[in-house]
Amino acid sequence: RKLPWLPMLLDACAIADTGVAVAVRAHEKKLKVKRACARGCDVCCRQKDIPLYSHEVVGLYWYASEKMASPARDILKGQLTNHAAGSACPFLIDRSCSVHSVRPLSCRWFNVFTTPCAPGEDPYYSRRGDVLEPIQDYTDRAFAAVFPFYNMKREGDTISAVKLIRSQIMNLQTYDWKKLIVLMEKIDARNS
């Protein structure tokens, strides 16, 4: 009850993850290829554009300030402090996503097949056919799960509501994380 938005966010993540699993299996079966993404691969975490939505920002704030423990928490605060556009995602620690359970939907959906990405490669442009195409029904359902966060009703014009949420897209790489650092420091001081 304290965090009414959290079940919505987690539902959206679960729907997206299910959709990705279904799409990956279908893509692998149809084209007889394997997903190239694996643990430790972080090329996509170094892209200049990582789409982000308001409900995801709230989830990242919560996770980083309430759930992360040291030393990852201290590393993250330093990375957020020094983060600049063009650098790796500030949540990338030791080539791994430190907020994996609440990572943005765009991170969940971005999967590459055939061969791993080369450093600096954006396969969306260099080899579009190797990039997973998310299943529209799952993406719409993931966004529908967070309608109440945006004060929208689940009944009604889903297409227009999804378009409205998508129109509020931000970029994780250029987002100003200063308020998150302040929140993390405030919680650290309170817990000391």
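1. Of the 51 residues in the largest nonpolar core, Phe-91 and Trp-177 touch the most other members; such a core is a set of buried Ala, Val, Leu, Ile, Met, Phe, Trp, Tyr and Cys residues joined through side-chain atoms within 4.5 Å. At least two residues of this core come from each of several elements, including helix H1 (6–31), helix H2 (54–67) and helix H8 (178–191), and H1 gives the largest share, 10 residues. Helices (H or I, at least four residues) and strands (E, at least two) are DSSP runs, numbered from the N terminus.

2. This is a predicted model, in which local features need pLDDT of at least 70 and side-chain atom pairs count only at pLDDT 80 or more, while totals for chains, interfaces and linings use all residues. Residues are numbered from 1 along each chain as its sequence is written, and side-chain values use heavy atoms, with hydrogens and water left out. The mean pLDDT (the predictor's confidence in each residue, from 0 to 100) is 94 for the chain, and 100% of the residues reach 70 or more.

3. A search of the whole structure finds nine aromatic pairs, where rings of Phe, Tyr and Trp (its six-membered ring) pair if their centres lie within 6.5 Å, and planes under 30 degrees apart count as stacked, over 60 as edge-to-face and the rest as tilted. One of them, Tyr-53 with Phe-143, is edge-to-face, at 5.1 Å centre to centre and 80° between the planes. Tyr-53 lies in the loop between strand S1 (51–52) and H2 and Phe-143 in helix H6, so this pair ties together parts that are 90 residues apart in sequence.

4. Tyr-61, Phe-91, Tyr-175 and Trp-177 form one aromatic cluster. Trp-177 counts as buried at 3% relative accessibility, whereas Tyr-175 is partly exposed at 24%; buried means under 20% relative accessible area, exposed over 50%, and partly exposed in between (1.4 Å probe, protein chains only).

5. Ser-98, in the loop between strand S3 (96–97) and helix H4 (105–109), counts as buried at 16% relative accessibility. A polar atom of the Ser-98 side chain lies 2.7 Å from the backbone oxygen of Phe-91.

6. Pro-134 is placed in the loop between helix H5 (123–126) and H6, and is partly exposed, with a relative accessible area of 26%. Not counting residues up to four places away in sequence, Pro-134 touches Trp-109 and Thr-139, contact meaning heavy atoms within 4.5 Å.

Terms used
Polar contact = N/O pair within 3.5 Å; in protein donor to acceptor, adjacent residues only side chain to side chain.
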